[in-house]
Amino acid sequence: MAGNSTETCFGVLLRGSLEAAAGGRPLGALRPGAVLGALAPFRGGACAHDVIATSDAAVAIMGCRQLERMRRAKDGPSRSAAAKLNALLARCALADEPRAA
């Protein structure tokens, strides 16, 4: 999830371990449940940190454009899910992304 991806996304680490880094400087280990890229939707897609796998890992990801489509959906369940995701991302962003679980 480097900051130069074509579609910025955020995600949740499902299994494995990752190392967060900024400017090549290690910031700490991330474990399952960690939210990655929480600031991206609020910064116009810009990523603050790089994440490097330190073991086999699985990450569930979603693009910022996909979240925006959910926010604008006509059906209630999509809008509700988008609101919950947005609240989670905001909490993680306020706690200083990346957030270890």
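Here are a few friendly notes on this predicted model, taken from the overall make-up down to one residue.

1. Overall make-up. The protein chain holds two helices and six strands.

2. Burial and contacts. The protein chain has 101 residues, and 31% of them count as buried. Among the contacts in the chain with a separation of 6 or more, 67% come from residues 24 or more positions apart.

3. The sheet. Three strands form an open sheet in the order β3-β2-β5, and their pairing is antiparallel. The edges are taken by β3 (25-30) and β5 (50-53); each has a single partner strand, so one side of each lacks a neighbour in the sheet. On average, neighbouring strands of this sheet are turned by 30° against each other, with direction ignored.

4. Strand β2 (residues 18-22) and β3 run antiparallel and are joined by five bridges.

5. Two packed helices are described by the angle between their axes and the distance between the axes. Here, the axes of helix α1 (residues 64-71) and helix α2 (residues 76-94) cross at roughly 130° and come within 7 Å. Angles over 145 degrees would count as roughly antiparallel and 65 to 115 as roughly perpendicular; α1 and α2 are therefore oblique to each other. The crossing of α1 past α2 is left-handed.

6. Residues between the helices. Which residues of α1 meet α2? They are Leu 67, Met 70 and Arg 71, and on the α2 side they meet Ser 78, Arg 79, Ala 81, Ala 82, Leu 85, Asn 86 and Leu 89. Sorted by class, this contact of α1 with α2 has six nonpolar, two polar and two charged residues.

7. Arg 69. Is Arg 69 buried or exposed? This residue lies in helix α1, and its relative accessibility is 57%; the cut-off for exposed is over 50%, so Arg 69 counts as exposed. Between Arg 69 and Ala 82 there are 8.8 Å in space, C-alpha to C-alpha, at 13 residues apart in sequence. Ala 82 is also one of the α2 residues met by α1.

How values were computed
Residues numbered from 1 in each chain as written. Predicted model: local features only at pLDDT ≥ 70, side-chain atom pairs only at ≥ 80, totals over all residues. Heavy atoms only, no water. Pairing = 2+ DSSP bridges. Helix = DSSP H or I, 4+ residues; strand = E, 2+ residues; numbered from the N terminus. Axes fitted to C-alpha atoms, helices over the stretch in contact; angles between N-to-C directions. Parallel < 35°, antiparallel > 145°, perpendicular 65-115°, else oblique. Left-handed = near helix turned anticlockwise from the far one by under 90°. Contact = heavy atoms within 4.5 Å. Nonpolar A, V, L, I, M, F, W, Y, C, P; charged D, E, K, R; others polar. Buried < 20%, exposed > 50% of the residue type's maximum accessible area, 1.4 Å probe, protein only.
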